[in-house]
Amino acid sequence: MILLSGGTVYTPLQALPQTSVAIDGGRIVRVASVGECADLAGRGETIDVSGCIVCPGFIDMHVHGALGASFRSPAAEDIRKVTAYRATTGTTGLLATIGTSSWGDTVAALKAVVHAAAAPAGSQLLGVHMEGPYLSPERPGAMRIPLMREPSVDEVAALQDAAHGMIKSMTLAPEREGGLALVAYLAKHDIIPSIGHSDATFAEVAAAVGSGVRQATHTFNAMRPLHHRDPGTVGGIMAHAEITAELIGDGAHVDREVGKLLIAAKGWERVALVTDGVEFSGLPAGRYERASGVAVTVSDVLATRDDGTITGSSSAMNRNVRVYVEAGIPLPHVLAMASYVPARQLGLSDRKGIVQTGADADIAVLSRDFRVMLTMIDGEIVYRAPDLT
């Protein structure tokens with residue numbers, strides 16, 4: 001048994017000061033005041049987390065890599081390198097995001113994720129997010145236009161077979177020919193259809209929602225913007241309560257004041273914080289070269305090409321939480337957007353994204369300045385800061 005003693009526990013919507021969390025057998029077995037947990041002292045390890053935030057571990061539905069490794073790699077050891085790093089940032093579960101690549105590279109990457117999931121390290125691989133290849137050339141972002149393809153139900157079936165059923169979400173541009181049919185197929189087969197890299201009009205977004213779209217990929221980025229005479233893709237996302245909107249929380253991909261407008265429009269319940277973290281996350285700031293040969297400049301927030309195009313974020317989820325708390329969003333809501341909301345999207349909110357008796361012991365302990373002090377996954381401590389005694 002492990003007892004996390006005396007922190008402020010965020011469930012995430014309730015704040016419980018001077019509370020302890022008892023973990024045994026990979027589950028949370030008690031959440032109660034320090035006094036009410038006194039009988040558990042001595043039964044296992046007691047960790048004093050007074051002065052800390054104890055919250056559900058983060059669930060990142062859109063992350064590409066870290067420490068020079070990417071989920072597009074055909075090597076399982078690269079996958080585990082990414083998940084090990086992400087655990088140090090408080091992320092207990094994630095969707096391995098595979099961007100638009102050649103068919104052969106995509107299949108190889110899917111097989112590597114399956115292999116890595118069989119012997120996990122760090123953050124749990126909760127599935128795969130396919131970012132493409134059925135995207136709009138009008139809104140490519142950092143994706144390579146020559147690798148984009150026409151929507152195909154048969155191709156998705158083949159990809160899911162290669163992934164052994166691990167594909168949980170797919171980003172696509174539903175306005176492309178065959179897009180609505182693919183949306184319907186995805187929804188029927190329990191793959192979340194997510195609108196992104198899209199030039200859809202407001203009416204096309206409405207049609208996509210009618211076919212089953214329930215998510216938006218990195219809202220505002222790489223999509224038809226909101227205009228007062230053309231509400232576009234962004235307007236459609238804001239207007240449809242059925243859509244849960246991803247928001248890259250680094251404060252740079254989307255100015256935090258605009259992010260606050262999205263949260264105000266949809267409510268925190270329909271916004272999921274993501275990192276869109278690329279393979280350079282966790283590395284020192286500097287200049288690096290991608291496998292494609294494209295040079296990028298990396299800071300602790302962004303990776304950008306020489307022409308200024310943003311190619312992904314290097315900001316960790318705990319930093320993104322801090323960005324939106326400092327922007328004035330209540331801490332319980334920010335924590336929920338980083339844990340409970342994505343857990344609900346993935347159908348896991350009965351046991352993940354929450355701190356309560358019977359839930360999976362996937363927990364992050366943060367300092368008051370949002371440094372990660374401890375990460376626990378399935379009741380096992382996978383990261384512990386040196387100054388947490």
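Select Gly68, in the loop between strand 7 (65–66) and strand 8 (69–70); strands (E, at least two residues) and helices (H or I, at least four) are DSSP runs, numbered from the N terminus. Leaving aside neighbours within four places in sequence, Gly68 is in contact (heavy atoms within 4.5 Å) with Glu279 and Leu283. Gly68 is exposed, with a relative accessible area of 52%; exposed means over 50%, buried under 20% and partly exposed in between, with a 1.4 Å probe and protein chains only.

The model on screen is predicted: local features need pLDDT of at least 70, side-chain atom pairs count only at pLDDT 80 or more, and totals for chains, interfaces and linings use all residues. Residues are numbered from 1 along each chain as its sequence is written, and side-chain values use heavy atoms, with hydrogens and water left out.

Next, select Arg72, Ala142, Met143, Glu279 and Arg290. Of the 40 residues that line the largest pocket, these are the closest to its centre. On a 1 Å grid over the protein atoms alone, a pocket is an open set of points with protein on both sides within 12 Å along at least five of seven lines, while a cavity is a set where a 1.4 Å probe fits but cannot get out; lining residues have an atom within 4 Å of a point. The largest pocket has a volume of about 850 Å³, where volume is the space filled by probe spheres set on the points, and points are joined across faces, edges and corners. Its lining has 13 nonpolar, 17 polar and 10 charged residues. Ala, Val, Leu, Ile, Met, Phe, Trp, Tyr, Cys and Pro count as nonpolar, Asp, Glu, Lys and Arg as charged, and the others, Gly among them, as polar. Strand 19 (310–313) supplies three residues, the largest share of this lining.

Which strands form an open sheet with it? The order is 16-17-18-19, and the pairing is antiparallel. Two strands pair if DSSP finds at least two bridges between them. Strand 16 (286–289) and strand 19 are the edge strands, each pairing on one side only. Select Ala303 and Gly312 to see two residues that stand opposite each other. Strand 18 (302–305) and strand 19 pair over three bridges.

Move to helix 2 (103–117) and helix 3 (153–162). They pack at an angle of about 35 degrees, with axes 8 Å apart; axes are lines fitted to C-alpha atoms over the stretch in contact, and angles run from 0 to 180 degrees between N-to-C directions. Among the residues that meet are Trp103 and Leu110 in helix 2, and Ala158 and Leu159 in helix 3.

Trp103 and Leu159 also line the largest cavity, together with residues including Met130 and Arg149. About 50 Å³ of space lies there.

Finish at strand 11 (167–172). Five of its six residues are buried, so strand 11 is largely enclosed by the rest of the structure. Strand 10 (124–131) pairs with strand 11 in the parallel sense over four bridges. Select Val128 to find its bridge partner in strand 11, Ile167.
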